[in-house]
Every structure is written in C-alpha cells, then in structure tokens.
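Thanks for making the time this morning.

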Amino acid sequence: MSDRRRVTFRWDLDKTYLNTEFDSLRGLVRIPFESAEDKVAAPGVAALIRGLRSAAELRRVEVRIRFVSGSPPQVGKAILGKLALDRVVHDGVTFKDQWGRIRRGKFRDLREQVGYKLTELLRDRRDEPPGTEEYLFGDDWESDPLIYSLYADVVSGEIDRRELAEILDELGVDPELRDVADVLAARVPKEQIVRRVFINLARATPPARFRPYGERLVPSFNYLQTAACLFDEGVLDEDGVAEVVAAMRSEGGYDSRRLVNSLRDIERRGHLSEAGAAVLVDRLAKNAALPQSRAGRSRWRDGWLRLRRRVFDGVARVAPRRADYLSLIPALADRMARLERAEEQA
Amino acid sequence: MPLVAVDAMGCSGDVVPAVRGVAAVSRATDIQMLLVGDADSIQRALENTEYNPERIDIVDAPETPLGMSDPPDRALARHSRGSLATAVALVADGTAHSVVSAGNAPALWRLCLRHLQLRRGVAQAGVAAVYPRRVDDRLRDPLALILDVGATVHCDAPALVQFAELGEAYVRCVSKVERPRVALLNMATRADAGGEILIEAYRRLERSPGVEFVGNIEGHELVGGAADVVVCEGFAGNVVLKMLHGLTSLALDLTGAGAQRGWRWRAGMAMMGGNIGPQTPMIEYESYAGAPILGFESVPIYCEPAAPAQALGNAVKLAAKIVRDM
C-alpha cells in the first residue's frame with residue numbers, strides 16, 4: 001500500500017449536485033422521465049469536482065469521488081449520463097434500492113434517509129485504506145447535516161455503539177438497518193478523518209441553525225463559498241477556484257459583486273481563514289476572475305476583519321465539538337413533518 | 001444593478017427589523033444592499049434569518065445611533081461615523097445609489113443637504129409621502145403623493161411650484177401616470193383663497209407648462225382621488241399626513257372595540273372579512289415604503305422610527321425602483 005495522502009470526497013446528488021425540483025408535484029412527476037440533458041447541475045459544482053480531482057492528481061494525492069444518492073437505480077442512467085456530460089470523473093454512485101424495499105414490504109424505508117445513508121457511508125468507509133481523509137457534501141433539504149455529522153462522530157469514535165443505537169432508535173430508523181449500522185460501526189477503524197461537512201443551503205436555512213453541529217459543518221450558499229473553504233484546506237488550488245468562478249459566471253449569471261459578497265459572507269461566518277481569504281482574493285484578481293478594486297484593502301475591509309475576529313472568536317469557537325444528537329432529533333422530526341405536509345399540499 | 005445603503009441601526013440601535021427587511025428583499029429580488037451599522041450585531045441577526053449573501057454586504061459603523069430627541073447638529077458633529085452618516089456618505093461618494101433610514105429625521109435631512117447634490121434647477125428639496133385614496137378605475141394607482149411633509153415649515157410660492165414639478169416627475173416615472181394631475185392644498189377651491197403665497201403659487205402653477213394643474217383642493221377632497229400629486233408647505237403636509245394616520249388607526253380601533261361589544265358586529269365583520277382583508281394593506285401605514293426625499297441627485301427614503309421589517313424592505317424596493325426608473 002502506498003504512503004501517499006488519500007482523500008475521498010463524498011457527494012449527495014439531489015439538491016447538492018443537481019438542482020432537482022422535488023418541491024412541487026410537477027417536478028416530482030417529471031424526474032423519472034428526465035434525460036441526462038434535462039438535468040441541471042448547481043452552478044460551479046461540476047467545475048469544483050473536476051478541480052478537486054486535478055488538484056489532487058497534481059499533488060500526487062490518491063483521490064476518490066463517490067456519490068451516494070437517495071434516488072432509485074431506475075434514474076441512474078440519466079444521472080450517470082449527466083455526470084459524463086459534465087466531465088465529472090467519479091469512483092461510483094450508490095443508488096437507493098427502492099424496489100427491493102417495496103418487495104420486502106418496507107414502505108416506511110422509502111422515505112427514510114438516515115439509516116440508508118449512514119449504513120452506505122459506513123460500508124464504503126470499511127473498504128477505505130486507513131488514514132483516508134474525507135470531505136462530505138450534502139444539502140439542507142432533509143437530514144444530511146445530521147447523517148454526515150453522525151457518521152463523522154461514529155468513525156472518529158466520539159459516539160460508541162450504544163449511543164449510536166439509542167440515536168437511531170430515537171430517529172425511528174428501521175431496526176434491521178440499525179443493526180447493520182451497529183455491525184459496520186464496530187468494524188471501521190476509529191480515526192478523526194472527516195475534515196469538513198459542506199451543506200448546500202438549497203432552502204436558504206439560516207446558518208445559525210447549524211451551530212449545534214460544530215465548526216466541522218460549513219453551511220454554504222453557493223459553490224464559490226465551498227471552493228474557497230476547500231482552497232483554505234489545501235485540497236483545491238487557485239486554478240480550481242478560478243474555474244468555479246468562471247463556471248458560476250457562465251452557468252449562473254453571477255457578476256463580480258455577487259461573487260465578492262459571497263466570499264465576504266463565508267469569511268464573516270468564520271469558515272474561511274483571514275489569510276486564506278486574502279490570498280484567494282489577491283490571486284483571483286491577478287487571474288482577472290474578480291475585479292482588482294475588490295482585491296485591495298478598503299475601508300470596509302478593516303471593519304470586516306475586525307468583525308470576523310469579534311464574531312467568530314466569540315460565537316463559532318464556543319460551538320460544541322460534538323453535536324448533542326438526541327436534543328437535535330425533535331427539531332429534525334418537526335422539520336421533516338413540515339416538509340411532508342408541504343409536499344402533500346403541493 | 002441598484003445598490004441601496006440601509007441604515008440598520010435606526011434610532012434604537014436594534015438592527016433586527018432592517019436585517020429582516022433586507023434579508024427578505026435579498027431572497028426575492030436582484031437588488032444589491034449594504035447594511036450599515038454595528039457589523040457584529042448585523043452578522044448575528046443575519047445568520048438567524050433566511051437570506052441571500054450574494055445580495056448583501058455589511059459596512060461597519062458601530063457608534064451608538066442618534067435618538068429621536070437628539071438635536072441633530074450637535075449630535076452629528078459627534079456621530080460622523082455613525083450608521084446614518086456613513087450610509088449617506090456611501091451615496092455621496094458614489095458607492096451606493098440610494099439610502100434608506102429609519103433614523104433621526106432632522107439629522108437625515110441635514111446630512112442630505114450637506115453631502116448630496118441637488119438636481120440641476122432645484123433650489124428646494126421636499127419630503128414626499130403617499131396616502132390611500134378613492135379610485136374608480138382599477139388601473140389607477142390607489143395611492144396619491146403629497147409633498148412637502150417635513151423638509152420645510154413654511155415656504156414661498158416658487159418652492160411650492162418646485163414641489164409640484166418634483167412630485168409630477170416622481171409620479172410620472174415611478175407610478176407610471178402619464179399626465180399626473182397636480183393640486184394645491186388650500187382652505188377653499190377659489191383661486192384667491194389662502195393668502196398671498198398660495199395665491200401666487202396658484203398663479204404660477206396655472207402657467208407652468210410641464211404641470212397638469214387641477215387647481216386648489218380642500219382637506220376633505222384629499223382622499224377623493226381628484227389629484228395624483230398634492231402640494232403644500234411642510235407644516236400643513238405633516239399635520240395632514242399624521243391626521244390621516246390617526247384617523248385610520250381610530251377607525252381600526254373602533255372596529256375592534258365594536259367587535260368586542262356585540263355578537264352582531266362580530267358576525268357582520270366575519271361576513272365582510274373576505275372583502276376587507278385585501279384592502280387592509282392600504283390602510284396599514286406600517287407596511288408603506290416610507291417617504292422619498294425629492295430634489296437630490298439620488299432619492300433617499302425615510303421610514304418611521306418604529307418601521308417594521310416589511311416597511312423597511314418595501315423602502316429598499318422603492319429606492320431601487322426609483323434608481324431604475326428616474
């Protein structure tokens with residue numbers, strides 16, 4: 001086995017990679033009939049994934065890009081076609097076997113995501129060489145923040161098997177899946193390997209709601225914010241960020257002000273380091289990806305940096321290292337119930 | 001793209017209404033906004049709200065804001081880096097296109113006079129406000145414009161003519177009324193009523209080529225819909241406007257009290273509810289956008305000190321519309 005650094009990027013598909021429209025009945029009905037060409041990716045996401053792979057290859061890092069989707073394999077052809085159209089090279093997509101669940105009479109599991117995703121993540125982790133770092137990408141539509149944080153805490157050993165079973169029971173996960181999760185959790189080596197969890201705010205959920213999950217989780221409004229944090233982490237280079245900027249301009253019609261405001265927002269929220277932001281803005285200006293005038297220090301910038309120190313040394317740093325999952329479950333259950341009601345009304 | 005500076009601190013220093021108003025606008029429109037005030041408080045409020053960060057930036061101005069009762073001149077000298085002064089300065093230096101504030105009104109007025117350029121040919125700026133009126137034609141704007149409501153106390157005839165021209169241009173560009181009808185607020189409809197200044201103003205307005213002058217209008221005709229723009233001096237305009245606010249809230253209070261007294265009233269209200277509901281925003285002054293200050297190169301919008309998030313959001317939309325249309 002080589003001693004090279006290994007990094008795995010795990011992506012959700014709907015509402016994270018794809019702008020899937022399942023908030024209306026019309027959108028839901030259309031999904032099975034969509035072709036690869038019909039599917040729309042979030043602006044900049046494909047460029048980001050390509051950039052992550054090429055940055056890793058340049059630095060001789062072993063990289064894996066995996067997708068875990070809650071969609072059934074029946075829509076797989078269109079999704080794989082879309083990834084190919086976007087020139088996204090990946091190491092596999094896991095689909096949810098909805099038909100198998102129907103055959104076994106597990107109708108409740110059709111909508112259930114926590115047990116399904118957690119077991120898939122753990123199963124995949126079991127096959128990873130030890131020490132492989134992970135970055136996880138999801139959205140705020142259902143329960144990705146909880147699933148990914150729970151997964152990170154299970155593989156780091158922060159949560160033991162008894163606690164895991166208690167949390168999964170509280171979440172109402174199918175006992176069969178809970179037992180599978182328990183077995184897999186026992187088998188994975190315990191390592192602090194999940195570096196960051198990125199949550200795409202497709203619903204524009206207020207970022208403060210994610211504070212209970214701690215600093216590891218980054219709520220991000222667009223893929224420039226995500227790219228900037230990954231640049232700061234050293235897994236994406238400046239060319240990669242510039243590609244994301246270019247893609248957001250062409251695919252999403254972003255102008256310089258929107259892009260700069262996005263960067264300022266993610267820095268103010270304490271997820272991008274001061275030094276990282278300064279280097280990034282300077283380099284993007286040299287690349288002509290962002291305007292020069294915005295790159296230099298302005299009278300606003302001083303205030304902005306002061307704010308960052310005040311807010312994030314004060315607020316984000318006191319966020320707990322490990323989420324108190326049992327206290328988060330009622331809010332999550334309430335949110336899911338509201339979502340179901342909204343979907344029924346739609 | 002319009003860029004609107006919003007004084008987030010107002011008079012109280014509570015940034016939540018402005019942040020919520022701006023956040024709502026950021027999710028629904030392409031307007032760019034600068035929230036000016038204590039950046040720490042703004043950031044905390046923002047993170048607890050649904051917002052679109054691509055449309056919002058923050059300018060730090062952490063000084064305690066001027067209260068409603070602070071004398072503006074002396075206080076402004078001490079508050080040169082307060083949120084109100086910073087927001088106006090952002091417009092003056094060309095960074096922002098317009099400013100919205102629910103802060104100290106006299107201070108805003110003085111800052112505008114000190115830092116903003118008057119439009120060419122304008123000698124007297126005025127504060128305008130809208131009020132609901134009766135309209136027969138559904139296509140007509142249900143709101144009329146009245147000015148001045150606070151920039152002046154008393155003024156001369158040329159200033160009244162200027163208000164008429166400013167109001168006419170505003171209603172034509174923003175409310176899209178092709179030939180706005182302009183009236184002069186007076187105590188009688190006769191041309192020789194109201195004293196020397198109003199008689200002179202009447203005479204000048206009659207001869208003014210760009211203004212569709214419909215004559216004098218009395219207080220009881222204001223809500224009748226005869227005029228799109230009503231011109232008056234600041235003292236009268238302010239009294240009229242506040243009296244309209246007072247009467248509206250009295251009517252709402254009486255309705256509420258009646259409903260508490262008897263079941264017949266409640267039943268009647270319940271039956272009429274479906275028709276009354278859609279009209280409610282027309283009489284709720286809190287949801288109005290605010291008062292545009294007309295005559296400067298940019299159009300600042302002043303909101304009531306206790307303006308709720310919705311009113312501040314509407315003020316931002318109005319400011320952006322003016323930037324686009326005027």
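Let me begin with a question: is Trp109(B) buried or exposed? Trp109(B) is buried, because its relative accessible area is 14%, where buried means under 20% relative accessible area, exposed over 50%, and partly exposed in between, computed with a 1.4 Å probe on protein chains only.

Before I go on, a word on conventions. This is a predicted model, in which local features need pLDDT of at least 70 and side-chain atom pairs count only at pLDDT 80 or more, while totals for chains, interfaces and linings use all residues. Residues are numbered from 1 along each chain as its sequence is written, chains are lettered from A and ligands numbered from 1 in the order in which they are written, and side-chain values use heavy atoms, with hydrogens and water left out.

Now to the aromatic rings. A pair of aromatic rings is described by the distance of the centres and the angle of the planes. Over all chains the structure holds nine aromatic pairs, counting rings of Phe, Tyr and Trp (for Trp, the six-membered ring) whose centres lie within 6.5 Å, with planes under 30 degrees apart called stacked, over 60 edge-to-face and the rest tilted. One of these pairs joins Trp109(B) to Phe296(B) in an edge-to-face arrangement, at 6.1 Å centre to centre and with 65 degrees between the planes. This pair links distant parts of the chain, since Trp109(B) belongs to helix H5 (residues 105–115) of chain B and Phe296(B) to the loop between strands E10 (291–294) and E11 (301–302), 187 residues apart; helices here (H or I, at least four residues) and strands (E, at least two) are DSSP runs, numbered from the N terminus. Phe296(B) is buried as well, because its relative accessibility is 1%. In chain A, ring pairs tie Phe9(A), Trp11(A), Tyr135(A), Phe137(A), Phe198(A) and Tyr223(A) together into a cluster.

Staying with chain A, please look at Trp141(A). Lys15(A) lies over the face of that ring, at 4.1 Å from the centre, and the charged end of Arg203(A) also sits over the Trp141(A) ring, 3.7 Å from its centre. For such a contact, NZ of Lys or CZ of Arg must be within 6 Å of the ring centre and within 35 degrees of the ring normal.

In chain B, Arg172(B) bridges to Glu168(B), with the closest N and O atoms 3.1 Å apart, and both residues lie in helix H6 (residues 157–174), four residues apart, or about one turn of the helix. Glu168(B) counts as buried because its relative accessibility is 7%, whereas Arg172(B), at 37%, is partly exposed. In helix H7 (residues 196–207) of chain B, Glu200(B) and Arg203(B) are three residues apart, and their salt bridge brings the closest N and O atoms to 2.3 Å. Arg190(B) and Asp192(B), which are both exposed, meet in a salt bridge at 3.1 Å, N to O. Chain A has a network of salt bridges whose members include Arg10(A), Arg64(A), Asp124(A) and Glu191(A).

How do the helices pack? Helix H2 (residues 45–58) and helix H9 (residues 223–233) of chain A pack at an angle of about 15 degrees, with their axes 10 Å apart, where axes are lines fitted to C-alpha atoms, for helices over the stretch in contact, and angles run from 0 to 180 degrees between N-to-C directions. That makes H2(A) roughly parallel to H9(A), given that angles under 35 degrees count as roughly parallel, over 145 as roughly antiparallel, 65 to 115 as roughly perpendicular and the rest as oblique.

Finally, the backbone. The peptide bond from Leu147(B) to Asp148(B) is cis, with omega near 10 degrees, and Asp148(B) is placed in the loop between strand E6 (143–147) and H6 of chain B. Lys176(B), in the loop between H6 and strand E7 (181–185) of chain B, has phi near 60 degrees, a positive value in a residue other than glycine.

Technical notes. A salt bridge is a side-chain nitrogen of Lys or Arg within 4 Å of a carboxyl oxygen of Asp or Glu.
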